[in-house]
There are 4 protein chains.
Amino acid sequence: MTVHIGVIGTGMIGQDHIRRITDVVTGAEVVAVTDVDAERAKEAADRVGTRALPTGQDIIADPLVDAVVVTSWGPTHAEYVLASIEAGKYVFCEKPLATTAEDGLRILEAEQAFGKRLVQVGFMRRYDAGYRSMKRVIDSGEIGAPLLLHCVHRNATVPETYHSDMAVQDTAVHEIDIVRWLLDDEIVATQVIRPRKTSKRFEHLQDPQLMLFETASGVRIDLEVFVNCQYGYDIQCETVGETGTVRLPDPADVWVRRAARHGTTVLQDWRPRFAAAFDLEFVEWVASIRNGQLTGPSSWDGYAVSVISDATVESLHSGRVVSVQLKDRPAFYGG
Amino acid sequence: MTVHIGVIGTGMIGQDHIRRITDVVTGAEVVAVTDVDAERAKEAADRVGTRALPTGQDIIADPLVDAVVVTSWGPTHAEYVLASIEAGKYVFCEKPLATTAEDGLRILEAEQAFGKRLVQVGFMRRYDAGYRSMKRVIDSGEIGAPLLLHCVHRNATVPETYHSDMAVQDTAVHEIDIVRWLLDDEIVATQVIRPRKTSKRFEHLQDPQLMLFETASGVRIDLEVFVNCQYGYDIQCETVGETGTVRLPDPADVWVRRAARHGTTVLQDWRPRFAAAFDLEFVEWVASIRNGQLTGPSSWDGYAVSVISDATVESLHSGRVVSVQLKDRPAFYGG
Amino acid sequence: MTVHIGVIGTGMIGQDHIRRITDVVTGAEVVAVTDVDAERAKEAADRVGTRALPTGQDIIADPLVDAVVVTSWGPTHAEYVLASIEAGKYVFCEKPLATTAEDGLRILEAEQAFGKRLVQVGFMRRYDAGYRSMKRVIDSGEIGAPLLLHCVHRNATVPETYHSDMAVQDTAVHEIDIVRWLLDDEIVATQVIRPRKTSKRFEHLQDPQLMLFETASGVRIDLEVFVNCQYGYDIQCETVGETGTVRLPDPADVWVRRAARHGTTVLQDWRPRFAAAFDLEFVEWVASIRNGQLTGPSSWDGYAVSVISDATVESLHSGRVVSVQLKDRPAFYGG
Amino acid sequence: MTVHIGVIGTGMIGQDHIRRITDVVTGAEVVAVTDVDAERAKEAADRVGTRALPTGQDIIADPLVDAVVVTSWGPTHAEYVLASIEAGKYVFCEKPLATTAEDGLRILEAEQAFGKRLVQVGFMRRYDAGYRSMKRVIDSGEIGAPLLLHCVHRNATVPETYHSDMAVQDTAVHEIDIVRWLLDDEIVATQVIRPRKTSKRFEHLQDPQLMLFETASGVRIDLEVFVNCQYGYDIQCETVGETGTVRLPDPADVWVRRAARHGTTVLQDWRPRFAAAFDLEFVEWVASIRNGQLTGPSSWDGYAVSVISDATVESLHSGRVVSVQLKDRPAFYGG
C-alpha cells in the first residue's frame, strides 16, 4: 500500500519534504502540492512529476490524497490541521501546530471528537540517533532519576529578520519538546536571562539567551541559545541523574593532526546534523500510517510546546519566572 | 524510470539487499529472485511480493530484469557475471568477483569487448562517510603525500567454520580494496606475520594476524586482523602523510559517566557500523544505472583485490613477502 | 635563601602542606608548627623533624619564621592573618580569608597600611594547567569577548556533616574565584536555584544546586554543584566567547576497550585532580617570596569571594537574586 | 639524609638534570660537576653554586659525592659506570649504557661482583603516568594476555646531523625499553621496513621507518618512527590483549571550538610530554638510594636494549629479520 501525500506549502522545508518523500521514503508518493505562490507550487510539482492544486483546502479535499503535510506559513497551520481532521485524513504539521493556545485546544478537541489520532507534529529530534540513545540510557535506570539537563543550541549566524522572540519560537522550541520527551515530564515554569550581547549580531537581537525550565517533578534545565556563535552549528545536551550522566556525542568526522593542532570539523548547518532524523521521521510516519496507528509527537505535544514557548517569550520580555498554564492532559493523549 | 532488479542468491546478504532495494532505495524494484535452495528463494520472493525463478541463468535472461545482483556462493560469481555481460545487463557482484585470476581476466576481457562498464563489485566501504571524508582530506593535500597507513579490523568472535585463509579472503579484503582507493595506488607486495594466538579461538585458526602491504609508490600499510577480540567490532584506519595524519572516527554514541568510568559503547556487529554505507552503495548504484554510467568499484578492482588476496594467503602459508603479479591495467579501467 | 615557614593548623590540609613544603618545594623548610590539638601538632612536627609551638601567635612571633601558613579552623583565620601583617610576615591563608566582611576589610586596611602585599589566599585552581591554558586562550582573543560560562562541580559523596550552605562556602567558592580570575571581571549578582534533590543524600541537604552569577560586564555563569553524584569527582568549565568556545579537558588516563565499552576512568577524589596545582601553588608562592613580590590571589580576592559567597548563601535561603555589595577596589589591589 | 650528587657532562641534558636535582628533587644536592668543556662546566656549577672538577674520574673519586649522574658523550658512558661501580657508588647513566655489547657485559659482571645493584639507566618512560596506567591495566588481567602492540613515535623535525641509524639508537630505543617493561617479556627478533621517504627531510635520512619486534612469548610490536612529521611530537601506544585493548591518552589541553574546527593542541617538543616523568625518575631514584635499594631500569635493561638496538640497526641496513643474541639473564637481574 502506497501512502499518497498532499503537501501544503512548497517553500524550502516543503520542497525538502517533497524530495524526501520521493527519493528517500519507500511506500509513499507525493500526489499533489500547493502554495500561496502558484508559480512556486507548479515548479515543485513539475520537479517530481505531480500536480499543483490551487489551495490547501483543495489538497485536503482531493480524493487521491491519503495524508497531508502542512509546511505553509505558521498562522495558517491550525486551519489546515482542523480541515484535515474534519476530512478524517492524517496530517503531518510542521511546528508550530497553532499560533494561539485557543487554536491548539480546538485541534485537541476536534481530534478527540474524531476518536483517533490523526495529527503528528514535526519535532524531528525525537528521531535523532543520539537523543534516542540518551532516552534508552535514561529509561534503563543506569544513571538514576534525572535531576538536571544542560543544553546548548548554537547556530553560526542568523539573518537580520531573525528577532529575539525567535530564539524561543524557532530555536529553543526543539529543546522544549525534546526534554519533555526525554524525561516523560512536563515543563511548568520558564525563565529567560539576558547575558551580555555578542557584538557579532544585528542591533535589535538579544543573543545569546540563557533559558531555564522547571518540570513538574522538579528537574531543572538550562539552555543556552546562541544563534551567532560564528564557529558553526552545535547542539549539546547532558542529562544528569542521581548516579551518572549521559551526553550527546559530537557528530563523527575524521580526526586530523596538522600544524600543531589535533581536531575535527564543526558542522556549519543544521541540515547535515539532523538529515538522518528528518529522513527517519518521515519513514516512521509513513510506516505508522500503514499500521493505522501514529507513534510520533502528538497534537498534545504541539499544544504544550506552544504554551511553554509563549510563556518563555513572556519571560524574555518581563525578565520574570513565568508559570506555564496548561490544560489537564486528556487520557486520550496519555494523561 | 524504475530499475528492475533480479537477485541471484537469497542467503543472509541476498535477503538484506532485497530488503534494501525494496525499503530503502527509491527508483528500484526487485522483480525476480533465485537460489540454489528453491524454498528459500520462494520465501524471499513472497516477502516482497515478487517471483522466484529456477536458476541464475533464468534471472539473467528474464526480459523484465534490467540489472542483476549476484550474492550466491563465491565460486559461482564469475559465471553469472560473464552471463550478465553477455546479456548486456548491469551486474552488481558481491566479493569475490572471481575465485581464480583466470576468471577475473575473462570478465575484464568480456566487459572490454562489450565496450562499456557493466560490472560493479560490492566493496561497500567506499560509501562509508568516514572513509570518504578521509579521502577528501588526502586528496586536498592538507596532510601531504601519504607514507603509511595503520589499519585495524577486529570482530568480536567468528564461528568455527572460519579458517585462517578467511582472515584474508573475507576480512582483510575490505582493507585491501579501501587502501587502493584511498591512495589511488596499487598494492605490489604483501606479507603476513603470525603473532602469538589468542586462546579465545578454535584451535585451527591463526588469530590475530598482522599483514603488511606495499604499494607501487612505496606506501606501507600495516593491518591487524583480529576476529576474536571479544569486545566488539572495531574498524580503525589512520593515514600518515608528509605533514599530518587523518584518522577514522569511532562510531558516535552517547557518553555515559557512571560507576567511576566515562565511556561509550563499542558496536558488536558489522551491520550497524556499515549500514549507511550499504544503503548508499545501492542508492548510488541505482542512480548510476539511471545515468547510464557506473561509478562504483569496477571489475578491475575486483580482479586486483582477488590477486592481492591470493598473494596474501600465499604469504600466510609461506611466511615470506610475496610479490603481487597483476596484468597491466587497461586504459578502459583508467590504466 | 631558604624560606622558613611556620604552619598554624595540622589537620588534614595542614599536614598535606607540611609534606608538600618538605618533599616537593625546594628552597623552603617548615621550622615550626602548631595546632589546637597539641598532640597532633607534636606528631606532625616529629614527622618532618621540626618543632611544635604552643599557639599560632607563637608561630607568628617566632624569629625563625619568615612566612606563615594558616590552615586552622576558618573563624580563626582573620586573627592570624592580621597578626602576621602586624609582624610584617608573609602569610598564606587557606580559604576563607575571613568569615565576616568586616574582618576581610580589616585585613585589606592593615595590609594597605603596611604598604606591601603580604597575604596570599589559597585559591589553588589558578595553578591548574587546564584553567591556565583556558585563560591564555581567552586573553589571546581567539574566542572573542566572553559571554557565558558553564561550570560543573561534582563530588562522589560528602559526609553527613556537610550542609546546604557548604555547597557555596566550601564547594562553589572555587568556581567563584576562578571565574573572576578567568574573566578579569567582578561578580555583581548571584542566585541559587533548587532542583529536585537526589535521593542519595542525607535528608537535610539541598543537592544538587544550580547557581547563577552575573559579572559587572554582563557575563553570565551557570554552575551545577552536585556533591553526591556517586560516580566520581568531576570538574567542568566551558567559556563561550563571541567567536568560539574553550573547554577544560578531562583528566588524561588510558583508554580501555573491553566488554562492549570504550572508556576511561573518572577520578574519585579531588586530590589527584588538583595535586599538581597544589604543588605549583606552593612552588610559586615560595618563589614569589624570594623575589619579594607576591603574585598569587590577594586578600582582595579573599574578601571579594567571601562577600559573593555570603550573597549566594543568602540567595540559597531566600530564592531571590541577590546583589553583591563590595567596597570599591583599592588601587593597591589593581582597582 | 641528603644525597650528594656529582654530574659528569653538562650539555643540554646534564644541565637539565642539574636544574631538576636542585629545584625539583628534595633531599638531593649537586655537589660537583664536570665536562669536557671546562668553561661550560664552570658556568653550570656557578648557576647552582657548586664546584666544577677537572674530570669524570675526579667526580667519581670525590669523597663528597654519594652518587654519580653520567650524561656525557655516549662512548664514555661505560668507563664512568665501571669506575663508579669500582668506587662502590650509585650511578645514574643516560642511555646508552654502553656502545658495545662487550662493555655492557663488563658492567653486568662488575655489578654482580660488587654484589648489589648500583646502576640505573635513564629510561624515563617507565615514570610516565600513561605507561604506568597501561601497565596496571595489563597486569590486572582485564584485557587478557597481550598479543600485539602498535606504537608511534613522531617528532616535528630533526636537525641535519640526525642520520638513519639514530632512528633506532636515539628514538626507537625508548619504545624498545618500554615494551619490554610493559610486557615483562624479552625481544628476540627485529626488523626494519623502509617506507617511501618524506620529502620534508635531509637527503641522507630514511624517514619514516616501520619497525617490527617479536618477543619470546610471540607478542608482535609494530613501531612507526617518523622524525620529520612536521605537525608535532606525538607518542602513541596501544596494547591489544585477548579480551580488550588499552591505549595511551593524548596529552590533555583545553578544547577550542572556533572557525569551523573543534580541536586541541599537539605538543611541539618531547620536554613537556615527559617533563613529569623526568622529574619522577629522579625523585624515585633519590628515594631508592635513601632506601638502599634501586628500583629503576637496571644495567641488564641497558645491556639488553643496546643489543636489541644493534640488531635493529643491522636490519635497517640488511632489510632482513635479525635475531637478538642476548646472554642468559642472570638471577641477579631477575632472570
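Guide: Strand β1 (residues 3–8) of chain A pairs with strand β4 (residues 67–70) of chain A. The pairing is parallel and runs over four bridges. This is a predicted model.

Six strands of chain A form an open sheet, in the order β3-β2-β1-β4-β5-β6. Its pairing is parallel. At the edges stand β3 (51–52) and β6 (119–121) of chain A. Each has a single partner strand, so one side of each is left without a neighbour in the sheet.

Next, the domains. Chain A is divided into domain 1 (3–121) and domain 2 (126–269 + 303–333). The C-alpha centres of these two domains of chain A lie 28 Å apart. Contact between them involves nine residues of domain 1 of chain A and eight residues of domain 2 of chain A. On the domain 1 side of chain A, the contact residues comprise six nonpolar, two polar and one charged.

Helix packing can be followed in chain C. Take helix α4 (residues 77–86) of chain C and helix α5 (residues 101–114) of chain C. Their axes come within 10 Å and cross at roughly 10°. That crossing angle makes α4(C) roughly parallel to α5(C). From α4(C), the contact uses C:A78, C:V81, C:L82 and C:I85. From α5(C) come C:D103, C:R106, C:I107, C:A110, C:E111 and C:F114. By class, the contact of α4(C) with α5(C) has seven nonpolar, no polar and three charged residues.

Some backbone details deserve a stop. In chain B, the peptide bond from B:K95 to B:P96 is cis, with omega near 0°. B:P96 sits in the loop between β5 (90–93) and α5 (101–114) of chain B. In chain A, the peptide bond from A:D207 to A:P208 is also cis. Its omega is near 5°. A:P208 belongs to the loop between β8 (187–193) and β9 (209–215) of chain A. Then there is A:Q230, which has a positive phi of about 75° although it is not a glycine. A:Q230 lies in the loop between β10 (220–226) and β11 (234–241) of chain A. For context, most residues other than glycine have a negative phi, and most peptide bonds are trans.

Now cross from one chain to another. In the A–B interface, 25 residues of chain A are in contact with 25 residues of chain B. On the chain A side, α1 (12–23), α6 (129–140), β12 (244–247) and β13 (255–258) each supply at least two residues. The chain A side has 12 nonpolar, seven polar and six charged residues. Four bridges join β13(A) to strand β12 (residues 244–247) of chain B. These two strands run antiparallel. Within that pairing, A:V256 has B:V246 in β12(B) as its bridge partner.

How do these two copies relate? Chain A can be laid on chain B by a turn of 180° and a shift of 0.0 Å along the axis, with an RMSD of 0.0 Å. The two copies are thus related as by a two-fold rotation axis. The same surface serves both: 100% of the contact residues of chain A recur in chain B.

Chain B also meets chain C. Here 15 residues of chain B are in contact with 15 residues of chain C. On the chain B side, β13 (255–258) and β14 (261–265) each supply at least two residues. β14(B) gives the most, with five residues. The chain B side divides into four nonpolar, six polar and five charged residues. Here too, strands bridge the chains. Five bridges join β14(B) to strand β14 (residues 261–265) of chain C, and the two run antiparallel. B:H262 stands opposite C:T264 in β14(C).

How values were computed
Residues are numbered from 1 along each chain as its sequence is written. Chains are lettered from A and ligands numbered from 1 in the order in which they are written. This is a predicted model: local features need pLDDT of at least 70, side-chain atom pairs count only at pLDDT 80 or more; totals for chains, interfaces and linings use all residues. Two residues are in contact if their C-beta atoms, placed from the backbone, lie within 7 Å. Ala, Val, Leu, Ile, Met, Phe, Trp, Tyr, Cys and Pro count as nonpolar, Asp, Glu, Lys and Arg as charged, and the others, Gly among them, as polar. Two strands pair if DSSP finds at least two bridges between them. Copies are superposed by least squares on the C-alpha atoms of residues with pLDDT of at least 70 in both. Domain bounds come from an automatic or database domain assignment. Axes are lines fitted to C-alpha atoms, for helices over the stretch in contact, and angles run from 0 to 180 degrees between N-to-C directions. Angles under 35 degrees count as roughly parallel, over 145 as roughly antiparallel, 65 to 115 as roughly perpendicular and the rest as oblique.
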